[in-house]
Amino acid sequence: MIAALSPRTKWERNVDAAFAIARGEPVSGTLPMNIERAHKVMAAEDPWSVFTATSPKIRSFAKNITGDTYEVTVDMWAALIANVTDTELARVGVYEAVAEAYRRAAAARRVAAPTMQAGTWVAIRPVPKVRVKTVLHQEYWESIHV
């Protein structure tokens, strides 16, 4: 449910919504399609069936939450670090190419791929998105670039 609720939802709100759904309570403060997906996860005999090929980020995040160290959750920040726009990320094969770049960077540093992605996310997140989109400033790039 956490992964299903995650798109465009702050972590604290995500956790509150997951608990509310688990208790059968109404949920607000997150996108209706996220809530619907979370309910599908709860009802599905095979929760993985809810995460389709059209939702690679959500599926990757669910796998990371459950301990998978191969998958990489490529959100908008991870894509920006790779100099890929949201539009480009939606193209066939681009998500997996960015994930593979994180895997290779992680291997070079001898860390798990999700650890590499999370580390870069923490480093870039304080930078205003508009600045990242315009120019990935040299001091930030140098601090996270492998």
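1. Order of elements. From the N terminus on, the elements of the chain run α-α-α-α-α-α-α-α-α-α, and the count is accordingly given as 10 helices and 0 strands. The model is a predicted one, and of the 146 residues of the chain 38% count as buried. Among contacts with a separation of 6 or more, 48% are between residues 24 or more positions apart.

2. Confidence. The average pLDDT of the chain is 85, and 86% of the residues score at least 70. Confidence is highest in H7, at a mean of 94, and lowest in helix H10 (residues 138-144), at a mean of 52. Where pLDDT is low, the predicted coordinates should not be read in detail, and I would ask that this caution be kept in mind for H10, with its mean of 52.

3. The packing of H7 and H8. Two packed helices are described by the angle between their axes and the distance between the axes. For helix H7 (residues 94-109) and helix H8 (residues 113-124), the angle is about 100 degrees and the axes are 8 Å apart. Because angles of 65 to 115 degrees count as roughly perpendicular, H7 is roughly perpendicular to H8. On the H7 side the contact is made by Tyr-102, Arg-103, Ala-105, Ala-106 and Arg-109, and on the H8 side by Ala-113, Met-116, Gln-117 and Thr-120. By class, the residues of this contact divide into 5 nonpolar, 2 polar and 2 charged.

4. The loop between these two helices. Arg-110 is placed in the loop between H7 and H8, and although it is not a glycine, its phi is positive, at about 55 degrees. Most residues other than glycine have a negative phi, and most peptide bonds are trans. Arg-110 counts as exposed because its relative accessibility is 80%, the cut-off for that class being over 50%.

5. The nonpolar cores. The largest nonpolar core has 19 residues, of which Val-72, Val-74, Leu-89, Val-98 and Tyr-102 touch the most other members. Helix H5 (76-81), H7 and H8 each supply at least two residues of this core. A second, separate core of 16 residues includes Ala-4, Ala-20, Ala-38 and Phe-51. In soluble globular proteins, nonpolar side chains tend to be buried together.

6. Val-72 and Gln-117. What does Val-72 touch, not counting residues up to four places away in sequence? Its partners are Ser-60, Asn-64, Tyr-95, Ala-99, Tyr-102, Arg-103, Ala-113 and Gln-117. Gln-117, which is found in helix H8, counts as buried because its relative accessibility is 9%. With residues up to four places away again set aside, Gln-117 touches Val-72, Thr-73, Asp-75, Ala-78 and Tyr-102. Tyr-102 also belongs to the contact of H7 with H8, as does Gln-117 itself.

7. Helix H4. The buried residues of helix H4 (residues 56-65) are Ile-58, Ser-60, Phe-61, Ala-62 and Asn-64, and what covers them includes H1, H2, H3, H7 and H8. After H4 comes Gly-67, whose phi is positive, near 105 degrees.

8. Asn-14 is found in helix H2 and is buried, with a relative accessible area of 1%. Beyond residues up to four places away in sequence, Asn-14 touches Ile-2, Leu-5, Ser-6 and Thr-9, and its C-alpha is 8.7 Å from that of Ala-3, a residue 11 places apart from it in sequence. Arg-8 lies in the loop between helix H1 (2-5) and helix H2 (11-22) and is exposed, with a relative accessible area of 66%. The phi of Arg-8 is near 60 degrees, a positive value in a residue other than glycine.

Key. Residues numbered from 1 in each chain as written. Heavy atoms only, no water. Axes fitted to C-alpha atoms, helices over the stretch in contact; angles between N-to-C directions. Helix = DSSP H or I, 4+ residues; strand = E, 2+ residues; numbered from the N terminus. Parallel < 35°, antiparallel > 145°, perpendicular 65-115°, else oblique. Contact = heavy atoms within 4.5 Å. Nonpolar A, V, L, I, M, F, W, Y, C, P; charged D, E, K, R; others polar. pLDDT = per-residue confidence, 0-100. Core = buried A, V, L, I, M, F, W, Y, C linked by side-chain atoms within 4.5 Å. Buried < 20%, exposed > 50% of the residue type's maximum accessible area, 1.4 Å probe, protein only.
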